[in-house]
Amino acid sequence: MTKITEKALSRAPDGRFDGTYRIAAGAPQSSYFAAVNSGSGFVSYFDGLIRDRCDRRMIIKGGPGTGKSRMLYEAAKIAADADAAVEYYFCSSDPDSLDGITAVFPDGVLMGIQDGTAPHAAEASLPGARDGLFDLGAFWRADTLSSARREIEELNGKKSRAWRDAFECLAAARGLRKTALTLAGSIMDPERMCRAAARAAGEARRRAELPQAVSGLSPEPLRGSRVLYSPHRALGMKGAVSLGGIYEGADDVYLFSDELLPGTGMLFITELADCVARTGTAARISPDPVAPEFCAAVRIGGCVFTADR
C-alpha cells in the first residue's frame with residue numbers, strides 16, 4: 001500500500017485502454033457518474049444517490065437534444081450562486097453530458113434534479129410530496145421531427161445495434177476481469193485480507209470521527225443509506241474516463257498496487273467495501289465499470305483507498 005497525492009493521480013496516461021482512465025477535462029471537482037455501462041449491462045445508482053436522499057426531487061423528461069443537460073448545468077449554477085454545495089453526476093456514455101445534480105443549501109435542504117429518461121428512467125413515486133416533473137418535450141417541434149421520421153428510425157436502429165455490439169464486448173471484458181481476479185485470489189489469504197481491510201476501515205472511521213469529537217459537533221443527519229455508490233470511472237463514447245469527485249478534499253489517498261499480480265489491489269478494495277457495508281460505516285464506494293460487483297475505490301471520511309493506476 002502506497003500513500004500518494006491527488007497530483008500523482010492526475011498523471012495517469014491516456015490513449016489506449018490498458019487499465020488506465022483518462023481524466024475528464026473541465027469537469028467540476030465534485031463530479032461522479034450515477035451509472036455505468038458494464039459487462040453486466042447498464043447499472044444505475046440514481047435511486048441511492050438522488051431519490052432516497054433528497055428532500056425535493058425534480059425529474060426532467062424529454063427526448064435527445066431537448067436541453068436536459070443544459071437545464072441541469074443552469075440549475076447547478078443557480079444553486080452554487082445560492083451557496084449550495086453541488087455534486088454533479090455525468091452521463092457514463094457521454095461524459096460531457098450532465099445526467100443529474102444534488103445541492104445541499106445553507107438551511108440543510110437537499111435538492112436533487114435528474115434526467116428521468118431511458119436508460120435511467122425515473123417516475124414520480126412521491127408526486128408533489130417530494131417529486132416534481134418538468135417535460136422539455138412540450139417544447140419540441142413535432143412537425144419538423146415528423147418530416148424526418150424515417151431518418152430518425154434508421155439512426156435509432158444503428159444506435160441499438162452499436163449498443164448491442166458494445167455490451168457484448170463489455171461482457172467479454174468482464175469475463176476476463178473475473179478470471180484474472182480469480183487467479184489473483186487463489187494466491188491470497190482471505191482471512192488475513194479481511195482482517196487488514198477491517199483495520200484500515202476502522203482507522204479511517206476513527207479519523208473521520210475525531211474532528212467531530214474535538215469540536216463537540218454531532219454527525220450530520222443521515223440521508224438514505226450510510227453507503228453511497230457512485231462510480232468515478234466509466235467506459236463510453238469518449239473511451240475510458242475518470243472523474244475526480246471521490247478525491248476532492250481528501251486528506252490521504254492510499255494506492256494499492258497490483259504490479260506483481262494484476263487484480264490483487266482491486267480484490268483488497270472490494271474486501272474493504274464489503275467490510276464498510278457490513279459494519280454500517282459511512283462511506284462512498286466506486287464500483288468497477290467493467291465488473292461492478294468489484295470496487296475501484298472507497299472513501300471513508302478524508303481517506304481514499306484506491307486501485308487506480
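How many bridges join strand E14 to strand E17, and in which sense do the two strands run? Four bridges join E14 to E17 (residues 303-306), and the two strands run parallel, where strands are DSSP runs of E with at least two residues, helices are runs of H or I with at least four, both numbered from the N terminus, and two strands pair if DSSP finds at least two bridges between them. Within this pair, Val 253 stands opposite Val 304 in E17.

The model is a predicted one, in which local features need pLDDT of at least 70 and side-chain atom pairs count only at pLDDT 80 or more, whereas totals for chains, interfaces and linings use all residues. Residues are numbered from 1 along each chain as its sequence is written, and side-chain values use heavy atoms, with hydrogens and water left out. The mean pLDDT (the predictor's confidence in each residue, from 0 to 100) is 88 for the protein, with 88% of the residues reaching 70 or more. Over residues 212-222 the pLDDT is below 50, and the model gives this stretch two contacts beyond near neighbours in sequence, a contact being heavy atoms within 4.5 Å. Where pLDDT is low, the predicted coordinates should not be read in detail.

Strand E14 (residues 252-255) is covered on both faces, since Asp 252 and Tyr 254 on one side and Val 253 and Leu 255 on the other are all buried; buried means under 20% relative accessible area, exposed over 50% and partly exposed in between, with a 1.4 Å probe and protein chains only. In a regular strand the side chains alternate between the two faces of the sheet.

The structure holds seven aromatic pairs, counted for rings of Phe, Tyr and Trp (its six-membered ring) whose centres lie within 6.5 Å, with planes under 30 degrees apart called stacked, over 60 edge-to-face and the rest tilted. The rings of Phe 256 and Phe 268 have their centres 4.5 Å apart and their planes at 25°, so this pair is stacked. Because Phe 256 lies in the loop between E14 and helix H7 (264-279) and Phe 268 lies in helix H7, the pair ties together parts that are 12 residues apart in sequence. Phe 256 is buried at a relative accessible area of 10%, and Phe 268 is buried at 11%. Ring pairs link Tyr 254, Phe 256, Phe 268 and Phe 305 into a cluster.

Strand E8 (residues 98-104) and strand E9 (residues 110-115) pair in the antiparallel sense over five bridges, and Ile 101 stands opposite Ile 113 in E9. Ser 69 has its place in helix H3 and counts as buried at 16% relative accessibility; leaving aside neighbours within four places in sequence, Ser 69 is in contact with Ser 97 and Leu 98.
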